[in-house]
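Q: Hi! Could you walk me through this one?

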Amino acid sequence: MQSIMLKAKLHQARVTHAVLEYEGSCAIDGELLDMAGIREYEQIQIYNLANGERFTTYAIRGEEGSKIISVNGAAAHKASVGDRVIICAYANFEAHELENFKPALIYLAEGNEVSHTANDIPVQLA
């Protein structure tokens, strides 16, 4: 039996560009892609903390070290420069692959600098 699981997350990335007249997709700093294990052209979900928009697109590689998060094409209507977004990638896993599975969680601070990383989310208290 397969399960769709969170593979990677860039938490609270700041949108640096919103380019309507572009073919589409979301350009992400190549170093952040590598750290998260997100591949170029992989489907991603973006959740905008500023306006509640949730949308699907795909990742393209941005300039290494640039800290770019550019929401492009039609998706540019759903995010503005400065918005904080959560970028997630999901993957299918077989049951036997889940025994030791942990997602790559990359937490970003102002300027899309990595503040810390983790492989699990703390239990939410009531």
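A: Happy to; we'll take the sheet, then a loop residue, then the salt bridges. This is a predicted model, where local features need pLDDT of at least 70, side-chain atom pairs count only at pLDDT 80 or more, and totals for chains, interfaces and linings use all residues. Residues are numbered from 1 along each chain as its sequence is written, and side-chain values use heavy atoms, with hydrogens and water left out.

Q: Great. In what order do the strands of the open sheet run?
A: The order is β2-β6-β3-β5-β4-β7-β1-β8-β9, nine strands with mixed pairing. Strands here are DSSP runs of E, at least two residues, and helices are runs of H or I, at least four residues, numbered from the N terminus; two strands pair if DSSP finds at least two bridges between them.

Q: Which strands stand at the edges?
A: Those are β2 (17-19) and β9 (114-118); each has a single partner strand, so one side of each lacks a neighbour in the sheet.

Q: And how do β3 and β5 pair?
A: Residues 25-29 (β3) and 54-62 (β5) pair in the parallel sense over four bridges. Ile28 has Arg61 in β5 as its bridge partner.

Q: Switching topic: is Asn112 buried or exposed?
A: Buried, at 1% relative accessible area; buried means under 20%, exposed over 50%, partly exposed in between (1.4 Å probe, protein chains only). Asn112 sits in the loop between β8 (104-108) and β9.

Q: What does the side chain of Asn112 reach at 2.9 Å?
A: The backbone oxygen of Lys67. A polar side-chain atom of Asn112 also lies 2.6 Å from the backbone nitrogen of Arg14.

Q: Which residue meets Arg14 in a salt bridge?
A: Glu110, at 3.8 Å, N to O. Glu110 lies in the loop between β8 and β9 and Arg14 in strand β1, so the pair ties together parts 96 residues apart in sequence. Glu110 is exposed at 61% relative accessibility, whereas Arg14 is buried at 15%.

Q: How many salt bridges does the count come to?
A: Five. One of them joins Lys7 and Glu42, with N and O atoms 2.8 Å apart at the closest.

How values were computed: A polar contact is a pair of N or O atoms within 3.5 Å; within protein, one must be able to donate a hydrogen and the other to accept it, and residues adjacent in sequence count only if both atoms are side-chain atoms. A salt bridge is a side-chain nitrogen of Lys or Arg within 4 Å of a carboxyl oxygen of Asp or Glu.
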